[in-house]
Amino acid sequence: MTVVPQIRTWDVPQDARPACPATLRPLTEVPALTPDELDAAVRRAAAAQRGTWPVDARRRQTLLWRWAEVLGEHTEELVHALVAESGKPVREARTEVAGAVEALRYNAGLARAVGGRAGTLPDGSEAHLVREPVGVSAFIVPWNWPLLLLFRDLAPALAAGVTALVKPAPQTTPVTRRALELGREAGVGDDLVQLVVGDGLVGNALVTHPLVRAVAFTGSTGVGAAIRGAAAPDMTRTLLELGGKASMVVFEDADVEKAAETAARASVITSGQMCMACTRFLVQRSVFERARDRVVDVLRGLRVGDPAEEKTDMGPLISASALDRFSGYVDLARSSGRLLTGGERVSPDELRGHFVTPAAVTDVPLDSPLVQDDIFGPLLTLETFDDEDGAVEAANATPYGLAAAVWTGNGPRSLRMARALQAGTVWVNGYNRSYPEMPSGGYGSSGLGRTRGVEGLEQFTEIKHVHFSGEEE
């Protein structure tokens, strides 16, 4: 029996000092807050929460829209920082900044639509349901999509009227700080959104502070569970988007070649270091060989290299520890399955940073860690199924349920499969389409709550029932 150690730290292990994952040059370090400084920041946010911000919807709308404009005006500056700090390709970085801008714009529109409902009862009394901001909220943001994931959660929270404390990952603290500075330029007050910098001790103090009423966290399932437990004594609301193990299910009546190319490219988004990356490619047995060969061709044709170059498809892994972890899974693929391509460390003579080639493996059992674990690296498992029941059983066989996809030319089958797959988002004949209007989130070990959409805003509100007595009472 394998014993999994209980996670007792807030953050996954980091290297001693953050460095550019492509060049290994040290990144700027930002001093951590002391306990007294953190407490003062939370109290400033609480004081602002008692001010006019929660009730001045027009002001919230104006400032969010202006922040979007300022962020967009500094796109190339932010893109350059994202490439240097996270190692993501420049084209992906532009997509990230554009997504952050859209999150602000969409939620600016929602800021003046936060409402409730009212009804008249038979005795002449009236019942009103009112939505009010949940209160001071903390946002703990990962390094892989630091701007998009921040504004995905922060923008609706601000639209709802909360005040915020933002704790970024060490690697991407500078770009996060710059984005918040641009908020100041847009007119967002110092006490409305504050940067909180530090290690796990600072994170612990933030989550357990009695004046913090909600915590939004994106990251690993183990850390999310620890945060939920720490927040529980004060009944602090936790909104968690956690690990993923996304499957793409492809039937023989689909465009198999297009599906295979899509799966291959989706497996290397952010070098596979993304919770919605495609990690499992499930193909109907009759067309498996054709799909397998296309995946291998696409992966071998991807350009791994300098993330600052426009032609680069995949950059480095984030750190030396991430590289070692990924290499361990590749060794397992070689020993327990059939490694079809990739998985090699790129020689430092060619690329100095934490570079690997994207990998694909087949002939692995369903209970293998290669299938079950959130590897967080560019490794795609290729698996077969015979019919719909087999596809559903295999796709739902992990504890995760963040995203999935089904490819078929049969309309009724696409609907059946979309309903049967246990995931918060299911794409049909496509992959990785997310936008501010539609909520996303996970089943099972992939988290709690939903982000984006009207639902994302409502997560940061409390519902109050106000009753006005009628004449007959």
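## Secondary structure and overall dimensions

The protein contains 15 helices and 18 strands, where helices (H or I, at least four residues) and strands (E, at least two) are DSSP runs numbered from the N terminus. Its radius of gyration is 23 Å, close to the 23 Å that the globule rule gives for 473 residues, so the protein is as compact as a globular protein of that length; the radius is taken over C-alpha atoms, and the rule is 2.2 Å times the number of residues to the power 0.38. Taken along the principal axes, the box filled by the C-alpha atoms is roughly 75 × 55 × 45 Å.

This is a predicted model, in which local features need pLDDT of at least 70 and side-chain atom pairs count only at pLDDT 80 or more, whereas totals for chains, interfaces and linings use all residues. Residues are numbered from 1 along each chain as its sequence is written, and side-chain values use heavy atoms, with hydrogens and water left out.

## Burial, surface and charge

Of the 473 residues, 54% count as buried, a class that means under 20% relative accessible area, with exposed meaning over 50% and partly exposed lying in between (1.4 Å probe, protein chains only). The accessible surface comes to about 20,200 Å², and 51% of that area belongs to carbon and sulfur atoms; these areas come from the Shrake-Rupley method with a 1.4 Å probe, and for residues only the protein chains shown count as cover.

Among contacts (heavy atoms within 4.5 Å) between residues at least 6 apart in sequence, 73% join residues at least 24 apart. The protein carries 48 positive and 60 negative charges, and their mean positions are 2 Å apart. In this count Lys and Arg are positive and Asp and Glu negative, while His and the chain ends are not counted, and each charge is placed at NZ of Lys, CZ of Arg, CG of Asp or CD of Glu.

In helix α14, which spans residues 411-420, R413, S414 and M417 are buried. Seen down the axis of α14, these buried residues fall within an arc of 100°, so they line one face of the helix; the arc is that of the directions from the helix axis to the C-beta atoms. P412 and R419, on the other side of α14, are exposed. The packing partners of the buried residues of α14 are β8 (246-250), α13 (388-395), β14 (403-407) and β15 (425-428).

Helix α8, residues 221-231, has V223, G224, I227 and A231 buried, and, viewed down the axis of α8, its buried residues also fall within an arc of 100°, so they line one face of the helix. They pack against β3 (137-140), α7 (200-208), β6 (214-218) and β7 (237-241). In α9, the buried residues are V256, A259, A260, A263, A264 and A266, and what covers them includes β8, β9, α10 (288-301), β12 (379-385) and β14.

## Two residues with positive phi

S271 is not a glycine, yet it has a positive phi of about 55°. It is found in the loop between α9 (256-266) and β9 (278-284), where, at 2% relative accessibility, S271 counts as buried.

N432, likewise a residue other than glycine, has a positive phi near 60° and is found in the loop between β15 and β16 (443-444). At 29% relative accessibility, N432 counts as partly exposed.

A93 is found in helix α4, residues 90-110, and counts as buried at 0% relative accessibility. Not counting residues up to four places away in sequence, A93 touches V79, L82, V83 and K88, while the C-alpha atoms of A93 and L78, 15 residues apart along the chain, are separated by 8.3 Å.

L165 has its place in strand β4, residues 164-167, and at 0% relative accessibility it counts as buried. Leaving aside residues up to four places away in sequence, L165 touches several residues, among them A41, V42, A45, F139, Q194 and L206. V30, in the segment before α1 (35-49), counts as partly exposed at 22% relative accessibility; with the sequence neighbours up to four places away again not counted, V30 touches T173, R177 and V197. V197 is also 32 residues from L165 in sequence and 9.9 Å from L165 in space, C-alpha to C-alpha, whereas V30 and S368, 338 residues apart in sequence, are 40 Å apart on the C-alpha basis.
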